[in-house]
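Student: I would like to learn how to read a few local features from a model. Could you walk me through them?

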Amino acid sequence: MLRKIVLSFAGMLAATSFCLAQTAPAAENTHRTYDQKFRECKKLGAEQQLTGEELRTYIATCMKR
């Protein structure tokens with residue numbers, strides 16, 4: 001009887017420790033980050049009323065920062 005209690009307790013303790021184990025943070029999605037930065041640069045260029053080649057040049061320099 002005591003053996004069953006000890007084994008049950010040990011099993012619950014092991015299961016709990018697996019559930020509480022810390023996991024590594026998720027890796028940053030580089031494609032999403034790049035796309036978001038591109039949209040922000042494009043929006044900033046549009047706010048400055050840039051068009052055509054000026055807009056493309058602005059976006060390119062903005063993306064390098």
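Tutor: Gladly! Let's begin with E53 and R56: both are exposed, a term for relative accessible area over 50%, while buried is under 20% and partly exposed lies in between (1.4 Å probe, protein chains only). Note that this is a predicted model, where local features need pLDDT of at least 70, side-chain atom pairs count only at pLDDT 80 or more, and totals for chains, interfaces and linings use all residues. Residues are numbered from 1 along each chain as its sequence is written, and side-chain values use heavy atoms, leaving out hydrogens and water.

Student: What does E53 form with R56?

Tutor: Side chains of opposite charge can pair when their charged atoms come close. Here E53 and R56 form a salt bridge, with 3.4 Å between the closest N and O atoms; the rule asks for a side-chain nitrogen of Lys or Arg within 4 Å of a carboxyl oxygen of Asp or Glu. The two residues sit 3 apart in helix α3, about one helical turn. Helices are DSSP runs (H or I, at least four residues) and strands likewise (E, at least two), numbered from the N terminus.

Student: How many disulfides are there?

Tutor: A disulfide is a pair of cysteine sulfur atoms within 2.5 Å, and the count is 1. C41 and C62 form it, with their sulfur atoms 2.1 Å apart. C41 belongs to helix α2 and C62 to helix α3, so the pair ties together parts 21 residues apart in sequence. Both cysteines are buried.

Student: What is the phi of Q49?

Tutor: Most residues other than glycine have a negative phi. Q49, however, has a positive phi near 60°, and this residue is found in the loop between α2 (30–47) and α3 (52–64).
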